[in-house]
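Please keep the sequence and the coordinates in view while reading.

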Amino acid sequence: APPLPNASASLNAMILQSFRSHLQRYAAAPEARYDYDEATQGTSVDSDAYASLAQHRRLARHSPAASPVAAAAAAPPTAAAAAAASSRSRRATPSRLLSARASLASSSSSSGPLAFLEPHLAHVPVTYDAYECVVAMFALVYASKFLQAGLSFVLLGKYDNVQANYRNGGFEGKSWRHKAVQRAYNAHQNHWEAFTAFGIAMALALTKVGPERHHELALLGNAFLLQRVAFNAVYIVAFNEPLSFVRSSVWLVGVVLVVRIFTVAVL
């Protein structure tokens, strides 16, 4: 719209934005009625601004294409706007999350692989969409490496980047500090294995299923990320046999989630 003299620019922008949806109604249904006097009652809109808005009203009613505001409303979205709309569509809203969780519940029987996870999936916070989960998992692989290097500095006072056996084993008879650093390195290596399986499963699922099921994949992906964080922590502290079984149990949860993502892709 042309600039409106003698009026606050911010006020005019706010009013034009609020009237934009009504101008679209005029373009679709000229018989629609909108009272500008009632809409602007109690506001300090000057006469020039009011006249410009009234002109847009008449143009939208009788010749929608001639109205700058109506034309802007009807114009095709730019590439940036389309990308933003696509990003918003991938975001998990409460209704979409409920639908995804209901889909998981209906697809897993009482004896299925997700039966024991179903009560917990309902509480998984969905921070990333399905695409972002793959990137987040890749970042987690390197985060675990930085964690192992930091742990080495804290517990041993150094990070031996020369001797391979320092990082790859040979700690029989060493202190618990050496073994903790070794377990942190093993956890980092295990993340690479998990990323390979998870990345392939998610890529296949995103290719095979429609957008209506992406929120189900996002829920499973965020659950997998939480499982990997927990697995890394348990791996480092699992210094005895009972804790090693806890570590294996957490690992098994990740396997079940990956299998479920593969199931979404192929069924």
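**Helix H11 and its surroundings**

Of the 24 residues of helix H11, 19 are buried, so this helix is largely enclosed by the rest of the structure. The model is a predicted one. H11 covers residues 214-237 and reaches 35 Å from its first C-alpha to its last, close to the 34 Å expected at 1.5 Å a residue.

One of the residues in H11 is Asn232. Asn232 has a relative accessible area of 7%, under the 20% limit, and therefore counts as buried. Apart from neighbours within four places in sequence, Asn232 is in contact with Ser144, Leu147, Ala187 and His191.

The largest nonpolar core comprises 29 residues, and those with the most contacts inside it are Met137, Phe198, Met202, Leu217, Phe224, Leu257 and Ile261. At least two residues of this core come from each of helix H8 (130-156), helix H10 (176-208), H11 and H12. H10 supplies the largest share, seven residues. Met202 illustrates the packing: when residues up to four places away in sequence are not counted, Met202 touches Ala130, Val134, Leu217, Gly221 and Ile261. In soluble globular proteins, nonpolar side chains tend to be buried together.

Charged side chains also deserve attention. The whole structure contains two salt bridges. In one of them, the side chains of Arg213 and Glu216 meet at 3.0 Å, N to O. Arg213 is partly exposed, with a relative accessibility of 25%, whereas Glu216 is buried at 2%. Glu216 also forms a salt bridge with Arg260, at 3.4 Å, N to O. Because Glu216 lies in helix H11 and Arg260 in helix H12, this pair ties together parts that are 44 residues apart in sequence. Arg260 is buried as well, with 8% relative accessibility. Through shared partners, the salt bridges join Arg213, Glu216 and Arg260 into one network.

Helix H12, residues 241-266, also contains Trp251. Trp251 is partly exposed, at 40% relative accessibility. Together with Leu252, Val255 and Val259, Trp251 forms a nonpolar patch on the surface, and the four have about 330 Å² of accessible area together. An α-helix has 3.6 residues a turn, so residues three or four places apart point the same way.

With a relative accessible area of 54%, His120 is exposed. His120 and Ala223 are separated by 103 residues in sequence, yet their C-alpha atoms are 9.2 Å apart in space.

How values were computed. Residues numbered from 1 in each chain as written. Predicted model: local features only at pLDDT ≥ 70, side-chain atom pairs only at ≥ 80, totals over all residues. Heavy atoms only, no water. Patch = residues over 30% accessible without salt bridge, like charges linked within 9 Å, V, L, I, M, F, W, Y side chains within 5 Å. Areas by Shrake-Rupley, 256 points an atom, 1.4 Å probe, with all protein chains shown as cover. Helix = DSSP H or I, 4+ residues; strand = E, 2+ residues; numbered from the N terminus. Buried < 20%, exposed > 50% of the residue type's maximum accessible area, 1.4 Å probe, protein only. Expected span 1.5 Å × (residues − 1). Core = buried A, V, L, I, M, F, W, Y, C linked by side-chain atoms within 4.5 Å. Contact = heavy atoms within 4.5 Å.
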